[in-house]
Amino acid sequence: MDRKIMAGLVLGAGLLLTGCSLVIPSQIEYPDADAAKEALNHASTVTFLTEDLEDADTMGNILADEKIAGYMSQSGFVNIKWTVNVDDQDWFYLKVVTDEPINNVEGVKTGSTYGYYDMNDNCLGYGQERVITPEGGEEAWYIQFLDADGNPKEDYYATEDGTMLLDKEGKVIARVNGSIDLIGTGCTINFVMEDGVNQEVDIKDKIVMTMPKFDELKRYYLDNYM
């Protein structure tokens with residue numbers, strides 16, 4: 001049973017009346033799609049650009065170490081989907097999951113859940129809010145990342161607000177920050193590895209970590225600029 005209604009679904013209802021705009025993704029600044037995908041998983045900094053917070057059906061470019069590596073679009077109203085495109089080819093998508101076995105794991109308190117899927121709808125894994133007790137830590141809500149069979153990844157997990165990625169010993173290995181653009185109607189969100197940390201982080205997990213910040217910035221924009 002989900003602990004709370006996804007903020008993105010609520011915001012989507014308010015944005016439905018804004019319409020949508022045609023946005024053409026920029027060309028990648030890597031030699032090819034494989035190099036761009038590699039960069040998205042290994043870059044020290046991954047930046048997500050949202051072009052228009054008033055538009056329910058647009059997102060923006062994804063930069064890996066300041067070079068364009070892909071594009072993420074948002075579509076749908078009730079069933080929102082986020083699709084990542086690299087070099088004009090859709091790579092994978094994320095969606096909010098409410099009716100799969102991962103939502104009702106016996107003995108586990110679960111909250112908001114994102115499922116990852118390839119373009120043939122095969123599950124690739126999940127990012128899910130769960131109550132866990134990390135090694136050496138206290139029981140609390142965190143974002144846990146899981147494979148397609150629902151097994152938790154052992155390398156890292158995130159704070160519930162998505163602002164910090166922690167290794168299995170509870171050490172901060174990456175952070176998420178973001179701000180509304182000074183010019184225009186967009187926002188910028190950064191996933192930044194800590195200095196000296198060499199940990200591969202799946203781009204799908206990075207996206208899930210940015211979702212709370214994205215919702216926060218969107219709410220602020222709608223409350224103060226519209």
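**Entry 1: the second largest cavity**

I started at the second largest cavity, where β1 (45-50) and α3 each supply at least two residues of the lining. This is a predicted model, so I kept to its cut-offs: local features need pLDDT of at least 70, side-chain atom pairs count only at pLDDT 80 or more, and totals for chains, interfaces and linings use all residues. Residues are numbered from 1 along each chain as its sequence is written, and side-chain values use heavy atoms, with hydrogens and water left out.

For the elements I used DSSP runs numbered from the N terminus: helices are H or I with at least four residues, strands are E with at least two. For the voids I used a 1 Å grid over the protein atoms alone: a cavity is a set of points where a 1.4 Å probe fits but cannot get out, and a pocket is an open set with protein on both sides within 12 Å along at least five of seven lines. Lining residues have an atom within 4 Å of a point. Points are joined across faces, edges and corners, and a volume is the space filled by probe spheres set on them.

By this rule I get 3 cavities of 30 Å³ or more. The second largest cavity holds about 60 Å³ of space. Its lining is Phe-48, Thr-50, Met-59, Met-72, Ile-189, Thr-210, Met-211 and Phe-214. Helix α3 gives the largest share of that lining, 3 residues.

**Entry 2: helix α3**

I followed Met-211 into α3. The helix covers residues 203-225, 23 residues in total, and spans 31 Å from first C-alpha to last, close to the 33 Å expected at 1.5 Å a residue (expected span: 1.5 Å times one less than the number of residues). Where does α3 kink? At Met-211, by about 35 degrees, shortly before the proline Pro-212. The bend is the angle between axes fitted to the seven residues ending at a residue and the seven starting there.

At the start of α3, I found a side-chain oxygen of Asp-202 within 2.8 Å of the backbone nitrogen of Lys-204. I count polar contacts as N or O pairs within 3.5 Å; within protein, one atom must be able to donate a hydrogen and the other to accept it, and residues adjacent in sequence count only if both atoms are side-chain atoms.

**Entry 3: helix α2 and Ala-36**

The start of α2 has a contact to note as well: a side-chain oxygen of Asp-32 comes within 3.2 Å of the backbone nitrogen of Asp-34. Which residues of α2 are buried? They are Ala-33, Ala-36, Ala-39, Leu-40 and Asn-41, with buried meaning under 20% relative accessible area, exposed over 50% and partly exposed in between (1.4 Å probe, protein chains only). An α-helix has 3.6 residues a turn, so residues three or four places apart point the same way. The buried residues of α2 pack against β1, β2, β3, β4 (81-86), β5 and α3.

I then picked Ala-36, which sits in α2 (residues 33-42). Its relative accessible area is 0%. Leaving aside neighbours within four places in sequence, Ala-36 is in contact (heavy atoms within 4.5 Å) with Ile-28, Tyr-30, Ala-69 and Val-86. The C-alpha atoms of Ala-36 and Ala-64 lie 7.9 Å apart, across 28 residues of chain.

Ala-69 belongs to strand β3 (residues 67-75) and is buried at 0% relative accessible area. Beyond four places in sequence, Ala-69 touches Ile-28, Tyr-30, Ala-36, Leu-40, Ile-62, Leu-63, Ala-64 and Val-86. From Ala-69 to Asn-85, 16 residues along the chain, I read 9.0 Å between C-alpha atoms.

In the loop between β2 (60-64) and β3 I checked Asp-65 and Glu-66. Asp-65 has a positive phi near 50 degrees without being a glycine, and Glu-66, also no glycine, has one of about 70 degrees. Buried or exposed for Glu-66? Glu-66 counts as exposed, at 70% relative accessibility, whereas Asp-65 is partly exposed at 38%.

Thr-188 is in strand β12 (residues 187-193). Its side chain makes a 3.0 Å polar contact with that of Asp-181.

I also opened the second largest pocket, about 220 Å³ of space. Of its 12 lining residues, the closest to the centre are Val-78, Asn-79, Ile-80, Lys-95 and Val-96. Strand β5 (residues 89-96) gives the largest share of the lining, 3 residues.

**Entry 4: whole chain**

I logged 3 helices and 12 strands, and 48% of the 226 residues as buried.
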